[in-house]
Amino acid sequence: MGALVAVEGLDGAGKRTLIGAVAEGLRERGVRVGALAFPRYGRSVHADLAAEALRGRHGDVAASVNAMALLFALDRADARDELSKSLADNDIVLLDRYVASNAAYNAARTGQSADGEIASWVAELEFGRFELPVPDVQILLDVPIEVAAERARRRGELDHTRDLDAYERDKGLQERTAAVYRVLAESQWHGPWWVHAPHDDPATLAARLSEMVAR
């Protein structure tokens with residue numbers, strides 16, 4: 001059974017780029033690597049409904065913290081068999097977002113912190129009721145909010161299918177989410193957390209993960 005590693009951070013933080021570099025470094029070390037990104041837009045009806053709601057469709061769904069959290073959680077629940085197979089077939093599986101993203105964004109939406117009611121509810125729903133595996137390590141890609149926002153903006157300009165949604169356009173929400181993420185990492189929410197800064201070398205992270213797998 002492989003190790004499960006979730007990479008977390010704001011929209012535009014560079015999670016996909018980091019995961020690509022780390023995966024390449026791991027494969028060069030002979031490590032079998034799988035990867036999966038959440039939400040699974042284009043593959044999951046729950047993820048697509050959430051995306052549509054954040055762009056003004058489906059009435060007041062986007063206004064409900066619990067409704068949005070549930071849609072994202074159901075996306076992951078539907079991917080449980082795919083995730084289990086990837087863990088069985090690989091030494092390590094890298095996730096672009098996981099349960100902590102649901103806790104961070106929805107705690108921020110409600111003005112709560114990592115120890116609040118919504119984060120506990122998300123954990124009980126996803127790790128408890130849906131029986132999703134708890135990560136072996138969660139990595140917070142901690143970049144300045146302005147940098148993440150500019151990257152997300154440029155991404156939307158270059159690809160109309162990834163134009164900014166309601167969460168991404170809300171600077172205050174992004175700031176609060178970043179603060180919650182840092183508390184999640186500091187408190188080691190549901191397992192070990194590592195913090196990766198923009199100036200940190202992905203090769204060093206790959207080496208550290210390789211050592212973890214070897215142990």
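Predicted model: local features only at pLDDT ≥ 70, side-chain atom pairs only at ≥ 80, totals over all residues.
Residues are numbered from 1 along each chain as its sequence is written, and side-chain values use heavy atoms, with hydrogens and water left out.

Helices and strands are DSSP runs numbered from the N terminus (H or I over at least four residues for helices, E over at least two for strands). A sheet of 5 strands is open, with the order 2-3-1-4-5 and parallel pairing; two strands pair if DSSP finds at least two bridges between them. Strand 2 (33–37) and strand 5 (193–196) are the edge strands, each pairing on one side only. On average, neighbouring strands of this sheet are turned by 20 degrees against each other, with direction ignored. Within the sheet, strand 1 (residues 3–8) pairs with strand 3 (residues 92–96) in the parallel sense over 5 bridges. V7 has D96 of strand 3 as its bridge partner.

Two helices lie across the sheet. Helix 1 (residues 15–28) lies across strand 1, strand 2, strand 3, strand 4 (137–141) and strand 5, and runs at about 170 degrees to strand 3. Helix 10 (residues 202–214) lies across strand 1, strand 3, strand 4 and strand 5, and its direction is at about 160 degrees to strand 5. Axes are lines fitted to C-alpha atoms, for helices over the stretch in contact, and angles run from 0 to 180 degrees between N-to-C directions. Contact means heavy atoms within 4.5 Å.

Helix 5 takes part in two of the helix pairs described here. With helix 9, helix 5 packs at an angle of about 130 degrees, the axes being 8 Å apart. On the side of helix 5 the contact involves A100, S101, A104, Y105, A107, A108 and R109, which meet L173, Q174, R176, T177, V180, Y181 and L184 in helix 9. These residues comprise 9 nonpolar, 3 polar and 2 charged, where Ala, Val, Leu, Ile, Met, Phe, Trp, Tyr, Cys and Pro count as nonpolar, Asp, Glu, Lys and Arg as charged, and the others, Gly among them, as polar.

Helix 5 (residues 99–109) and helix 6 pack at about 155 degrees, with axes 9 Å apart, which makes helix 5 roughly antiparallel to helix 6. The crossing of helix 5 past helix 6 is right-handed. V99, N102, A103, N106 and A107 of helix 5 make the contact with I118, A119, V122, E126 and F127 of helix 6. By class, 7 of these residues are nonpolar, 2 polar and 1 charged.

A further packed pair consists of helix 2 (residues 45–53) and helix 3 (residues 65–78), at an angle of about 155 degrees and with axes 8 Å apart. Helix 2 and helix 3 are therefore roughly antiparallel, and helix 2 passes helix 3 in a left-handed crossing. The contact is formed by H46, A47, L49, A50 and A53 of helix 2 and by M68, L71, F72, L74, D75 and D78 of helix 3. The contact residues divide into 8 nonpolar, 1 polar and 2 charged.

The structure holds 3 aromatic pairs; rings of Phe, Tyr and Trp (its six-membered ring) pair if their centres lie within 6.5 Å, and planes under 30 degrees apart count as stacked, over 60 as edge-to-face and the rest as tilted. One of the pairs is F127 with W189, which is tilted, at 6.2 Å centre to centre and 50 degrees between the planes. This pair links distant parts of the chain, 62 residues apart: F127 belongs to helix 6 (residues 117–129) and W189 to the loop between helix 9 (171–186) and strand 5. Q188 lies in that loop between helix 9 and strand 5 and has a positive phi of about 55 degrees although it is not a glycine. A cis peptide bond joins F38 and P39, with omega about -5 degrees; P39 is placed in the loop between strand 2 and helix 2.

How values were computed. Parallel < 35°, antiparallel > 145°, perpendicular 65-115°, else oblique. Left-handed = near helix turned anticlockwise from the far one by under 90°.
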